[in-house]
Amino acid sequence: MKFSTYLLLSLVSFTSQLSFAQEPIKFEALVDGSSRMVNAIYSIPKQPLKPKSPAVVIMHSTGGDRDGTTQPLAKALNDNGFVTLQIQLFSNPMSAPRFENTNAVYFNALKYLSQREEVDGNKVGIAGYSYGAFASLFAATQWVTQTYGSGLKFAAHAPIYPGSCWMFTQWAKGETTPIRKLPYPTNFAKTWTGAPVKIFAAGKDDYDDKDPNACPEFVAAIAPEFRSSFEWLVYPDATHGWNQQSSSFFVRGACKNKGCTNNNVNNPEVSTKNNEDVVRFFLSSLVDS
């Protein structure tokens with residue numbers, strides 16, 4: 001079967017040294033209401049899956065484009081035949097735009113990929129870590145897609161340790177949260193595009209008060225007609241930022257808005273496993289679908 005063939009490629013290539021071509025690019029997008037040029041790294045695999053390859057936009061965490069989160073996943077995807085576009089939105093966390101004001105970045109990235117002759121514009125996914133996970137989830141809503149997509153939509157979404165799934169639970173119910181009042185309609189998270197979404201969550205994420213059920217509860221809060229396109233995978237012993245340097249810092253909205261110290265504990269085993277799991281998800285949703 002086609003899936004088993006691609007899965008075999010996936011398992012083998014994580015240990016291989018397939019090369020890929022990288023190209024720094026820039027594209028224009030609105031960020032916090034102002035037009036600016038956004039940096040990105042465009043990578044083409046040496047062994048594409050098809051003449052027109054599936055592609056994945058990858059967004060880093062609040063730590064910025066130097067946090068090291070996106071490159072290992074990009075390589076794993078490139079090694080398995082995907083084109084990737086790593087967004088480099090900011091380097092200094094202190095200069096991070098409000099994530100709810102960056103949707104144009106990801107849809108302009110989608111537009112850029114759709115115009116590349118080697119990319120299948122109907123098979124472009126988006127993945128992101130923490131800050132970038134919000135982008136991946138927002139882009140799965142009908143309101144954000146219709147507002148920023150100009151007729152385009154992502155074909156699959158992989159939010160990785162989004163944290164704050166408790167906030168998405170409230171948004172899915174049409175409720176506001178005291179920590180984050182979005183400039184969106186109250187019901188923006190009640191309707192979704194229907195593209196597959198897989199949430200990769202940490203069982204000991206301090207943003208969700210170490211509640212391993214926070215992300216499953218978010219999915220349960222989604223309207224039944226959209227819920228079937230969602231799934232999740234919880235790494236029970238992982239913390240937020242499992243592929244970042246270990247660190248601790250106070251977050252006002254952590255612990256489900258009680259405020260607490262968030263602990264990022266670097267976990268190479270989970271980091272490697274997650275890269276493999278994300279590749280499998282995109283193989284199933286962008287290649288075998």
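D79 is buried (under 20% relative accessible area, with over 50% counted as exposed and the range in between as partly exposed, for a 1.4 Å probe and protein chains only), since its relative accessible area is 3%. The model is a predicted one, in which local features need pLDDT of at least 70 and side-chain atom pairs count only at pLDDT 80 or more, while totals for chains, interfaces and linings use all residues. Residues are numbered from 1 along each chain as its sequence is written, and side-chain values use heavy atoms, with hydrogens and water left out.

D79 takes part in a salt bridge with K75, where the closest N and O atoms are 2.6 Å apart. A salt bridge here is a side-chain nitrogen of Lys or Arg within 4 Å of a carboxyl oxygen of Asp or Glu. K75, at 26% relative accessibility, counts as partly exposed. Both residues belong to helix α2, four residues apart, about one turn of the helix. Helices (H or I, at least four residues) and strands (E, at least two) are DSSP runs, numbered from the N terminus.

Helix α2 (residues 70-79) also packs against helix α10 (residues 268-287): their axes come within 10 Å and cross at roughly 45°. Axes are lines fitted to C-alpha atoms, for helices over the stretch in contact, and angles run from 0 to 180 degrees between N-to-C directions. Angles under 35 degrees count as roughly parallel, over 145 as roughly antiparallel, 65 to 115 as roughly perpendicular and the rest as oblique; α2 and α10 are therefore oblique to each other. In the contact (heavy atoms within 4.5 Å), P72, L73, A76 and L77 of α2 meet N275, V278, V279 and F282 of α10. Seven of these contact residues are nonpolar, one is polar and none is charged. For these classes, Ala, Val, Leu, Ile, Met, Phe, Trp, Tyr, Cys and Pro count as nonpolar, Asp, Glu, Lys and Arg as charged, and the others, Gly among them, as polar.

F134, L137 and F138 of α4 make the contact with M167, F168 and W171 of α6. By class, this contact of α4 with α6 has six nonpolar, no polar and no charged residues.

How much of helix α6 is buried? Helix α6 (residues 165-172) is mostly covered, with eight of its eight residues buried. The cover over those buried residues includes α4 (131-138), α7 (214-221) and α9 (254-257). After α6 comes G174, with a positive phi near 80°.

The structure holds eleven salt bridges. Side chains of opposite charge can pair when their charged atoms come close. One of the bridges joins E100 to R98, with the closest N and O atoms 2.7 Å apart. E100 counts as buried at 1% relative accessibility, whereas R98 is partly exposed, with a relative accessible area of 39%. Another joins K198 to E231, with the closest N and O atoms 3.9 Å apart. K198 lies in strand β7 (residues 197-202) and E231 in strand β8 (residues 230-235), so this pair ties together parts that are 33 residues apart in sequence. K198 is buried, with a relative accessible area of 16%, while E231 counts as partly exposed at 37% relative accessibility. Elsewhere, salt bridges that share partners join E23, R116 and E118 into one network.
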